[in-house]
Amino acid sequence: MDMFSPGLLISGLIIGTIGFAVFLYGKKTENFKCLGVGLVLCVYPYFVSSVLMLWLIAALCLAGLYVLAKFA
């Protein structure tokens with residue numbers, strides 16, 4: 001797949017922005033779970049070349065953060 005497709009670039013931008021917001025929230029509240037997930041969401045779009053995989057990994061990361069926050 002083309003690394004410069006519009007869908008991939010826009011998806012990476014959106015997911016990176018969400019990751020940045022989660023990272024800032026984690027920094028503000030000193031929550032290391034949010035810091036880690038935010039950092040992962042900011043970095044991994046550079047290494048994934050499929051839009052579907054990009055969104056699936058983002059959904060899994062955010063669902064994992066929700067489960068960790070709710071039950072741990």
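Leaving out neighbours within four places in sequence, Ser11 is in contact (heavy atoms within 4.5 Å) with Val51, Leu54 and Trp55. The model is predicted: local features need pLDDT of at least 70, side-chain atom pairs count only at pLDDT 80 or more, and totals for chains, interfaces and linings use all residues. Residues are numbered from 1 along each chain as its sequence is written, and side-chain values use heavy atoms, with hydrogens and water left out.

**Ser11**
- Ser11 sits in helix 1; helices are DSSP runs of H or I with at least four residues, numbered from the N terminus.
- Ser11 is buried, at a relative accessible area of 7%; buried means under 20% relative accessible area, with a 1.4 Å probe and protein chains only.
- The side chains of Ser11 and Trp55 are joined by a polar contact of 2.9 Å. Such a contact is a pair of N or O atoms within 3.5 Å; within protein, one must be able to donate a hydrogen and the other to accept it, and residues adjacent in sequence count only if both atoms are side-chain atoms.

**Nonpolar core**
- A nonpolar core is a set of buried Ala, Val, Leu, Ile, Met, Phe, Trp, Tyr and Cys residues joined through side-chain atoms within 4.5 Å.
- The largest one has 12 residues, among them Leu8, Ile15, Val22, Tyr44, Val48 and Leu65.
- Helix 1 (6-29), helix 2 (32-43) and helix 3 (51-71) each supply at least two residues of this core.
- Helix 3 gives the largest share, 4 residues.
- Val48 touches Met3, Leu8, Met53, Leu54 and Ile57, with residues up to four places away in sequence not counted.

**Helix 2**
- The buried residues here are Cys34, Leu35, Val37, Gly38 and Leu41.
- The buried residues of helix 2 pack against helix 1 and helix 3.
- At 1.5 Å a residue, its 12 residues should span 16 Å, and the end C-alpha atoms are 16 Å apart, which agrees. The expected span is 1.5 Å times one less than the number of residues.
- At the start of helix 2, a side-chain oxygen of Asn31 comes to within 3.1 Å of the backbone nitrogen of Lys33.

**Cysteines**
- The disulfide count is 0, where a disulfide is a pair of cysteine sulfur atoms within 2.5 Å.
- Cys34 is in no disulfide; its nearest cysteine sulfur belongs to Cys61, 12 Å away.
- Cys34 counts as buried, at 7% relative accessibility.
- Cys61 is in no disulfide either; the nearest cysteine sulfur, that of Cys42, is 11 Å away.

Conventions. Buried < 20%, exposed > 50% of the residue type's maximum accessible area, 1.4 Å probe, protein only.
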